[in-house]
Every structure is written in structure tokens, then in C-alpha cells.
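Subject: Structure for your review

Dear colleague,

Please find below the structure I wished to pass on to you.

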Amino acid sequence: MSVDGEVRRLRTEADEPGWEVDPDDEWGVAVVATVGRQLKLRREAVGMRAGEFGDAVGYGEDLVYKIESGKRIPRPEYLDRADEVLGAGGLLAAMKEDVEKVRYPKKVRALGEMEAKAVEIGLYECNSVHGLLQTPDHARALIEAAQPPYSPDDVERMVAARLARQSVFGRDPVPSIHFVLEEAPLRRPLGGTMVWRQQLEHLLEVGRMRNVTLQVMPTRVEVHSGLDGRIELLKFADGTAVARSDGAFNGRPVTEPRQLHILELRYGTIRAQALPPWESLAFIEQLLGET
């Protein structure tokens, strides 16, 4: 096949890691199946065979069939190109928002929706850099370290979902976000020296944002209220809140005032025991200087 005098290689399944449909995600399965049917109906309505359509959008015939049968999630650019090739007038391209959400696991979507509505977010992370602060390479190294290992598709899906949540930093109006991170994970060169340096540099960049407070809990602190695990605290504009802690209430999200008060007290104590924000950034700069 020749395009502008050059041979163009069509995308195949091997080029599309992380775009499989989660069979346990009922909403996602329904969305992808509906989009696939619409794509097939549009293609057949204009009299194009799957192979011809694949040539036009840059995808192999087998992958076209899998997308149309609801077995693969179409990329946003696939829908854009399909809309153009099939003359759909924007109807196919308009499906991108829902289709993009399908790629992220149900739990991540739910958490992302809550973070998108929160006016104040408080987070304590004990074993790693928090997901909202991770660079792509750091996130990938962390996910790939799991045992038993995730499949390449699952790794890419989880990395994409984690990075998508970081859109919270670009919200308007921006929420107030507070992080407390343990010192030990900041010293671990996860992914190698270069990935580690980039992660520390990213922490400094985010920590200097006007709506972000970043603190480090030094290992010299003998005991504190977060030893049971991470804490998440989200507050909303209507005065309601939701919180969760690994070590309280069986790890369930809580909204009851008494339980919220307990987790707020724990989080407040943790912040009081951690290094102040300016000292925390200076500490991260020091770590960078040691690499």
C-alpha cells in the first residue's frame, strides 16, 4: 500500500497495548459494544469493506473487526479518522469522551469523578509517591514491580488511568491539594537513577504550585497517626466530605460525621508532625543533589 509514495504500516493489535475491554466493567462493555455497532453500521452504509476501511484509517482489518465487535477500545484518533472517512458529521467523534473513560478501571473512574468535584483534597501516602504526583515512567516502574506481574495491556491501562487523574491540577477553579509523603520512598531510586531524578524534579514542580502543599514525613519521627496506611480526605463545595484510610473502618470510604472527624484528626496530626512545606521542598532538592 502506498501513501504519498511511501509504504504505510497499518496498526495491529501489537501496536495497541492497554486498549482491551475489562469484562467486569458492565458500563464499559456496553459503551464499547454500542460504539462498535455504530462504526460497523456507518461503514456498511457507505459500502466499505473492513479491509478498505482499515486502509483508510490506518488500522489492520483484524483490529477493525475487533473494534466493531466491541472487543477493543478505539483510540480517540481512530474515531476522528472514522468520522472523516465515513462522513458521519461529528457523530462518531462525539463518542470520544465516553470511550476514553472506558479505558480506566471502574474504581479509578469513581475516584477521579470525586476528585474532579472536590474543593479540598488531603492525601497521606506511606509506601510510595502518591499517584497524583507520579511521572509516567515512575508509575510504569511501580506497576511493573507487582507480583504476580500484570500483563502489558494491564500495565498500560493502569498507567493511563493514573495519569488521567492528574487533570485535577488543571481544573478551574483549582482545588486546594495537600500531600504528605514519607521520606523512605523518596530515597528509593525506583526505575533507575534517571527516572528517580525526573520524579524528584516533578515533585518540586508540583510542590511549588500555588494551590498545592507538599510535606515530607521524616523517618526520624518515631511514631505518627499514619502508620496504619494511607489516608484520603475529600471535601466538597456543599460542605459534605468523604474520607478513607487503610487502617480504619475496614478501609471503606466514610461520610458519617463522627468517622470523618476521626480521619480528619489523624490527617491533621500527620501534617503537624511532618516537615513544613518549605523545608520539605528543600529536603527534596537535597535528595536531587545527592544523585
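The notes below concern the salt bridges. Please bear in mind that this is a predicted model.

A search covering the whole structure returned 16 salt bridges. Two groups among them are described here.

The side chain of arginine 140 meets that of aspartate 137 in a salt bridge, with an N to O distance of 3.6 Å. Both residues belong to helix 7 (residues 136-144), where they are 3 residues apart, or about one turn of the helix. Arginine 140 also forms a salt bridge with glutamate 156, and here the closest N and O atoms are 3.2 Å apart. Glutamate 156 lies in helix 8 (residues 152-165) and arginine 140 in helix 7, so this pair ties together parts that are 16 residues apart in sequence.

As to accessibility, aspartate 137 is partly exposed, with a relative accessible area of 38%. Arginine 140 is likewise partly exposed, at 22%, and glutamate 156 is partly exposed at 21%. The values for arginine 140 and glutamate 156 may be set against the cut-off for a buried residue, which is under 20%.

Within it, the side chains of arginine 244 and aspartate 246 meet at 3.1 Å, N to O. Aspartate 246 is partly exposed, its relative accessible area being 36%.

With kind regards

Conventions
Residues are numbered from 1 along each chain as its sequence is written. This is a predicted model: local features need pLDDT of at least 70, side-chain atom pairs count only at pLDDT 80 or more; totals for chains, interfaces and linings use all residues. Side-chain values use heavy atoms; hydrogens and water are left out. A salt bridge is a side-chain nitrogen of Lys or Arg within 4 Å of a carboxyl oxygen of Asp or Glu. Helices (H or I, at least four residues) and strands (E, at least two) are DSSP runs, numbered from the N terminus. Buried means under 20% relative accessible area, exposed over 50%, partly exposed in between (1.4 Å probe, protein chains only).
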